[in-house]
Amino acid sequence: MKDLKKLESESSDNMGITATPDEDSLFKWNALIFGPEETIWEGGIFKLILEFSEEYPNKPPKVKFMSKMFHPNIYNDGSICLDILQNMWSPVYDIASILTSIQSLLCDPNTKSPANNTAAEMYSKNYKEYVQRVKEVVEKSLMDEDGDQMMME
């Protein structure tokens with residue numbers, strides 16, 4: 001609940017992230033990350049799910065992209081390879097800091113510890129093709145599950 005109040009009070013729109021608890025459970029949250037402006041991810045709206053255990057904030061939540069992603073540190077199933085979600089977790093992290101870290105990871109991948117070898121190799125060896133794949137992901141992120149254009153507010 002503390003995280004929810006903080007997210008609401010900080011008007012996370014400014015940060016390009018939003019998150020709200022699922023209607024059925026406070027342990028499951030739906031989140032959106034907006035592609036940062038002036039990056040290859042600009043214009044994208046990426047859906048994530050955060051699942052918390054009873055041990056949160058002492059244990060990190062499970063965080064997964066629901067949007068199809070192409071990124072060196074995101075597995076094909078949407079799981080994210082990010083140190084603060086694994087071995088560098090600290091109870092000082094909250095939902096906003098998790099989502100902000102993921103958002104900055106989009107633009108600053110760690111190719112030395114890839115979750116997606118194809119994306120990591122392309123990022124390093126054929127950046128132009130990588131950018132093209134990311135642009136496709138951004139476009140797809142604006143479609144809903146039925147392939148219809150999402151309504152932009």
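Two residues are in contact when heavy atoms of theirs lie within 4.5 Å. In this predicted model, Ser-79 touches Val-63, Lys-64, Asn-73 and Ile-74 by that rule, leaving aside residues up to four places away in sequence. The protein has four helices and four strands, and along the sequence they follow the pattern α-β-β-β-β-α-α-α.

**Overall picture**

- Of the 153 residues in the protein, 39% count as buried.
- The protein exposes about 9300 Å², and carbon and sulfur atoms supply 50% of that area.
- Among contacts with a separation of 6 or more, 51% come from residues 24 or more positions apart.

**The sheet**

- The four strands form an open sheet, arranged in the order E1-E2-E3-E4 with antiparallel pairing.
- Strands E1 (17-21) and E4 (62-65) stand at the edges with a single partner strand each, so one side of each has no neighbour in the sheet.
- From one strand to the next, the twist averages 20°.
- Strand E2 (residues 28-34) is joined to E3 by seven bridges, and the two run antiparallel.
- Trp-29 has Leu-50 as its bridge partner in E3.
- Strand E3 (residues 45-51) also pairs with E4, in the antiparallel sense and over four bridges.
- On the E4 side, Lys-62 is the bridge partner of Glu-51.
- Five of the seven residues of E3 are buried, so this strand is largely enclosed by the rest of the structure.
- In a regular strand, side chains alternate between the two faces of the sheet.

- Ser-79 is found in the loop between E4 and helix H2 (95-107).
- Is Ser-79 buried or partly exposed? Its relative accessibility is 21%, and buried means under 20%, so Ser-79 counts as partly exposed.
- Ser-79 and Leu-48 are 31 residues apart along the chain, and their C-alpha atoms are separated by 9.7 Å.
- The residues that Ser-79 touches include Val-63 and Lys-64.

**Helix H3**

- Helix H3 covers residues 117-125, and its buried residues are Ala-119, Ala-120 and Met-122.
- Seen down the axis of H3, these buried residues fall within an arc of 165°, so they line one face of the helix.
- Which exposed residues does the face of H3 turned away from its buried side carry? That face carries Asn-117, Ser-124 and Lys-125.
- Helix H4 (127-141) is part of what covers the buried residues of H3.
- The N-terminal end of H3 is capped by Asn-116. A side-chain oxygen of Asn-116 lies 3.1 Å from the backbone nitrogen of Thr-118.

Terms used
Residues numbered from 1 in each chain as written. Predicted model: local features only at pLDDT ≥ 70, side-chain atom pairs only at ≥ 80, totals over all residues. Heavy atoms only, no water. Buried < 20%, exposed > 50% of the residue type's maximum accessible area, 1.4 Å probe, protein only. Arc of directions from axis to C-beta. Polar contact = N/O pair within 3.5 Å; in protein donor to acceptor, adjacent residues only side chain to side chain. Pairing = 2+ DSSP bridges. Axes fitted to C-alpha atoms, helices over the stretch in contact; angles between N-to-C directions. Areas by Shrake-Rupley, 256 points an atom, 1.4 Å probe, with all protein chains shown as cover.
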